[in-house]
Amino acid sequence: MRTQAPKLKKSLGQHFLVNPGVARKIVSLLELSGQDQVLEIGPGGGSLTGLLRQEPHSRLMVIEKDSYWADFHAAAGITAIAGDALDFDWAALCGQGLWKLVGNLPYNVASPLIWNVVSECPCYERAVFMTQKEVAERICAAPCTRAYGALSVWVQTHAAPRLEMRVNPGSFLPPPKVDSAVITLIPNQEKPPYPDSLRRLLRICFQQRRKQLSSIFHRAGLAVLEQGLERLGIDSRLRPENLDCGQFLALARIWAQ
């Protein structure tokens, strides 16, 4: 598929990928076969879409917020959903089998979108996303590092993320002011229990990430979590960034019961 001259909209955070080598690498990371269904998020001018059409697959669908590009892909014979991926009903895909997801995600929506995908789309088997490098590093961060936070824990309790490559600004039109990175996500076999409790716990903890856990829970009136630290043998003087995913899950379970 030929790509028309892009009509950029700053409000949508559009930075179109124009480096063919990077595009080929992203598509190769999907590991496509003839049975795969593929959903591309934010195809824009189609630098990935054109390559996807050439790869083995059984179905290709795109979600595009920009009506201009949604119409463009629909006219090329691709199933195009005109809308915001942040509002997409991910569970609705699941009656149609497994999917592989891919996208060069706008920087301003990448974090909440990936948060939604890993927790609300139980039928994806692999995802390859390009995001701002800082977001990719946060998603893949380990405990006790500066990048580790709520997004790290949430994604890693739902999926196994891997940082695949870094991408410089010159690979885009227009060039962004920051570097980008490509990550892959493989869903965990089991979803974390008590997701609502985990979500609330992460919000409370990482809004005050420099405070000790005992202080955070005491100020929030959460005696059950103060006691939970003792039950789990977790030092109450630790800060949120010191806990691993398993410890957050254990605290969420205590809070939910």
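Across which strands does helix H3 lie? In this predicted model, helix H3, formed by residues 67-75, lies across E3 and E4. The helix runs at about 165° to E4.

The strands of a sheet pair through backbone hydrogen bonds, and the pairing is either parallel or antiparallel. Here, 7 strands form an open sheet with mixed pairing. Their order is E4-E3-E2-E5-E6-E9-E7. Strand E4 (79-82) and strand E7 (159-167) each have a single partner strand, so one side of each is left without a neighbour in the sheet. These two strands therefore stand at the edges. On average, neighbouring strands of the sheet are turned by 20° against each other, with direction ignored.

Strand E2 (residues 37-41) and strand E3 (residues 59-64) run parallel and are joined by 5 bridges. Within this pairing, glutamine 37 stands opposite arginine 59 in E3.

The cysteines were also examined. The structure holds 0 disulfides. Cysteine 245 is in no disulfide, and the nearest cysteine sulfur, which belongs to cysteine 140, is 12 Å away. Cysteine 245 counts as buried because its relative accessibility is 15%, and buried means under 20%. Cysteine 94 has a relative accessibility of 28% and therefore counts as partly exposed.

Technical notes
Residues are numbered from 1 along each chain as its sequence is written. This is a predicted model: local features need pLDDT of at least 70, side-chain atom pairs count only at pLDDT 80 or more; totals for chains, interfaces and linings use all residues. Side-chain values use heavy atoms; hydrogens and water are left out. A disulfide is a pair of cysteine sulfur atoms within 2.5 Å. Buried means under 20% relative accessible area, exposed over 50%, partly exposed in between (1.4 Å probe, protein chains only). Two strands pair if DSSP finds at least two bridges between them. Helices (H or I, at least four residues) and strands (E, at least two) are DSSP runs, numbered from the N terminus. Axes are lines fitted to C-alpha atoms, for helices over the stretch in contact, and angles run from 0 to 180 degrees between N-to-C directions. Contact means heavy atoms within 4.5 Å.
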